[in-house]
Amino acid sequence: VQPCSAALMTTNRCNMNCPVCFTRKKGDPCYEPTVDACRAQLAFYRAHAGEDGLVELCGGEPTVREDLPEIAEAARALGFSYVQLNTNGLRLSESTEYCQVLKDSGVTTVYLGFDGIREGAYTTKYGRNLFDEKRRAVENCAKAGLAVVLVPCVIPGSNDDQLGEIIRFAKGYMPAVRGVYFQPVSYFGIYPEGENPRITIPEVIRRLEAQTEGEVKNQDFL
């Protein structure tokens, strides 16, 4: 079996302490491989995936590593043409210069957690309103020439009424924003105790059709 995409866990550290997180568990010991260890993992994957393999740099939050550009450079040196950074965007919101460093080191696409355009979407997921930081991250990436994919974690009662507005926001920042990747919430890792509302992919699609007034249609999805 030949793989086509892989996620490299660069660290499980994070610069947030979100009430909802499916990439970490409370009390996990620190995991952060060295640059050389990351390079070895990338080389192993490259040997098995071939020249069309895609790689994601994920966490935790990868940007807490000051040597993250070195890992991206290692991926580029190995011949990866698509290097995706999975991030909450806080570090990217601080300066265009940092976004430029990432691009120059080999990052091609930013996979940005982006849950809505109103406060409630962020207080549920992150514990505080981060919309301004998310918008600045998109704008800084656009200035640096980094492609962005917005990634909303869809939580019923929190942001499932903002899906159309997210699409409209994304359109306003094209061509820097290349797409929107809706992820219905999954309850593993860190999440509140008690009843947690779920939402299915078909329910997300129906909301998209209604909230975009048919611009995005049910039949557009396979």
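G60 lies in the loop between β2 (54-58) and α2 (68-77). Helices (H or I, at least four residues) and strands (E, at least two) are DSSP runs, numbered from the N terminus. The peptide bond from G59 to G60 is cis, with omega near 25°. This is a predicted model, in which local features need pLDDT of at least 70, side-chain atom pairs count only at pLDDT 80 or more, and totals for chains, interfaces and linings use all residues. Residues are numbered from 1 along each chain as its sequence is written, and side-chain values use heavy atoms, with hydrogens and water left out.

A cis bond also joins M174 and P175, with omega about 5°. P175 sits in the loop between α6 (163-172) and β7 (177-180). Backbone angles hold another point of interest at E213, where phi is near 55°, a positive value in a residue other than glycine. Most residues other than glycine have a negative phi, and most peptide bonds are trans. E213 belongs to the segment after α7. E213 is exposed, at 76% relative accessible area. Buried means under 20% relative accessible area, exposed over 50%, and partly exposed in between (1.4 Å probe, protein chains only).

Now the interior. In α6, the buried residues include L163, G164, I166, I167, F169 and A170. Their cover includes α5 (131-144), β5 (147-151), β6 (153-154), β7 and α7. The largest nonpolar core has 51 residues, and L92 and L150 have the most contacts inside it. Such a core is a set of buried Ala, Val, Leu, Ile, Met, Phe, Trp, Tyr and Cys residues joined through side-chain atoms within 4.5 Å. Leaving out residues up to four places away in sequence, L150 touches L112, F114, V138, F169, A170, V177, G179, V180 and Y181. Contact means heavy atoms within 4.5 Å.

What about the cysteines? A disulfide is a covalent bond between the sulfur atoms of two cysteines. Here it is taken as a pair of cysteine sulfur atoms within 2.5 Å. The count is 0 disulfides. C141 is in none, and its nearest cysteine sulfur, that of C99, is 4.1 Å away. C141 is buried, with 1% relative accessible area. C153 is buried too, at 5%. The closest cysteine sulfur to that of C153 is in C21, 9.7 Å away, so the gap is too far for a bond.

Last, F188 is found in the loop between β8 (183-184) and α7 (201-211). F188 counts as partly exposed, at 47% relative accessibility.
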